Amino acid sequence: MNELLIQLSDCIEFGKINLSSPYPPQMKGQEGADELTAKALAQGIAPQEVLNNGLMPGMERVGKKFRENKVFVPQVLMSAKAMSTAMLHLKPHFLSGAAKQKGTFIIGTVLGDLHDIGKNLVAMMVEGSGYRVVDLGTDVGAEKFIEAVNANPGAVVGLSALLTTTMVNMQGITEEIKKACPETLVIIGGAPVNEDFCHKIGADNYSRDPQGVVEFLNTVVA
């Protein structure tokens, strides 16, 4: 693999945003995801290759480390920030068609719930794995999810909840989505939910961590 893309992948994994960023300490004074992405494109490396061989491997490693409790939320957020900075260089190429994303993922925290840290981690990890993310925010009801599905045919929907008092809203939202858009796949996640609850409400997948969402998407999105 191109040495520049290996360096970029390391920047994503360790959360090195740009040259001026002091984090992580072992990479202080080095170019970060911002400069290396710009340099890769300037050298004629295809935007798709930058995404596939630069950003995605780094985010995948972070996701696996997070699952194994080898890194924690602050480092994941730094990695996500590095990835988002790099994506600013790539987004014009997605819009022009020079590079393509794998598919679209719609995500929101369900009606009555204002928590968004878990949702944001999933959204960042999914975007860094090559998908376009439509983030509906928090306190989202069925109607807004259905509008987003109609605007993005073929998208997969992710429902997040942190409270036992709001997880029950997942059932009604899932049922409404399935009624309006029967082919739509629905993923659920959050502290109070589990595999049994997923089956009970008719959702298609339960993921206990962001990497699980990415792995499911990779199996169902062509």
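**Stop 1: Asn 152**

Select Asn 152 and show what surrounds it. Leaving aside neighbours within four places in sequence, Asn 152 is in contact with Thr 104, Ile 106, Arg 132 and Val 134. Contact here means heavy atoms within 4.5 Å. Asn 152 sits in the loop between α6 and β3. At 12% relative accessibility, Asn 152 counts as buried. Buried means under 20% relative accessible area, exposed over 50%, and partly exposed in between, using a 1.4 Å probe and protein chains only. Helices (H or I, at least four residues) and strands (E, at least two) are DSSP runs, numbered from the N terminus.

The model is predicted: local features need pLDDT of at least 70, side-chain atom pairs count only at pLDDT 80 or more, and totals for chains, interfaces and linings use all residues. Residues are numbered from 1 along each chain as its sequence is written, and side-chain values use heavy atoms, with hydrogens and water left out.

**Stop 2: strand β3**

Move on to residues 156-160, which form strand β3. How many of the residues of β3 are buried? The count is 5 of the 5, so the strand is largely enclosed by the rest of the structure. Colour the two faces separately. Val 156, Gly 158 and Ser 160 lie on one side. Val 157 and Leu 159 lie on the other. Both faces are covered.

**Stop 3: the sheet**

Now show the strands together. They form an open sheet of 5 strands in the order β2-β1-β3-β4-β5, with parallel pairing. Two strands pair if DSSP finds at least two bridges between them. The edge strands are β2 and β5 (205-206), and each pairs on one side only.

Helix α10 (residues 210-220) packs on this sheet and touches β1, β3, β4 and β5. The direction of α10 makes about 170° with that of β4. Axes are lines fitted to C-alpha atoms, for helices over the stretch in contact, and angles run from 0 to 180 degrees between N-to-C directions.

Return to β3 and look at each neighbour.

- Strand β1 (residues 104-109) runs parallel to β3, joined by 5 bridges.
- Thr 109 has Ser 160 of β3 as its bridge partner.
- Strand β4 (residues 186-189) pairs with β3 in the parallel sense over 4 bridges.
- Val 157 has Val 186 of β4 as its bridge partner.
- Ser 160 stands opposite Gly 189 in β4.

**Stop 4: Ser 129**

Select Ser 129, in the loop between α5 (117-128) and β2 (132-135). Is Ser 129 buried or exposed? At 5% relative accessibility, Ser 129 counts as buried. Not counting residues up to four places away in sequence, Ser 129 touches Met 56, Lys 102 and Val 214. Turn to its side chain. A polar atom there lies 2.9 Å from the backbone oxygen of Met 125.

**Stop 5: α1 against α4**

Display helix α1 (residues 3-14) and helix α4 (residues 73-96). Their axes come within 6 Å and cross at roughly 140°. That makes α1 oblique to α4. Angles under 35 degrees count as roughly parallel, over 145 as roughly antiparallel, 65 to 115 as roughly perpendicular and the rest as oblique.

Which residues make the contact? From α1 come Cys 11, Ile 12, Glu 13 and Phe 14. From α4 come Gln 75, Ser 79, Ala 82 and Met 83. By class, the contact of α1 with α4 has 5 nonpolar, 2 polar and 1 charged residues. Ala, Val, Leu, Ile, Met, Phe, Trp, Tyr, Cys and Pro count as nonpolar, Asp, Glu, Lys and Arg as charged, and the others, Gly among them, as polar.

**Stop 6: the loop between α1 and α2**

Select Leu 19, in the loop between α1 and α2. Leu 19 is partly exposed, at 43% relative accessibility. Draw a line to Glu 35. Leaving aside neighbours within four places, Leu 19 is in contact with Gly 29, Gln 30, Glu 31, Gly 32 and Glu 35.

Stay in the loop between α1 and α2 (33-42) and pick Pro 24. The peptide bond from Tyr 23 to Pro 24 is cis, with omega near -5°.

**Stop 7: two positive phi angles**

Select Asn 69, in the loop between α3 (47-67) and α4. Asn 69 is not a glycine, yet has a positive phi of about 60°. Asn 69 is exposed, with a relative accessible area of 54%.

Finish at Asp 139, in the loop between β2 and α6 (142-151). Asp 139 is not a glycine either, and its phi is positive, about 55°. With a relative accessible area of 38%, Asp 139 is partly exposed.

Technical notes. A polar contact is a pair of N or O atoms within 3.5 Å; within protein, one must be able to donate a hydrogen and the other to accept it, and residues adjacent in sequence count only if both atoms are side-chain atoms.
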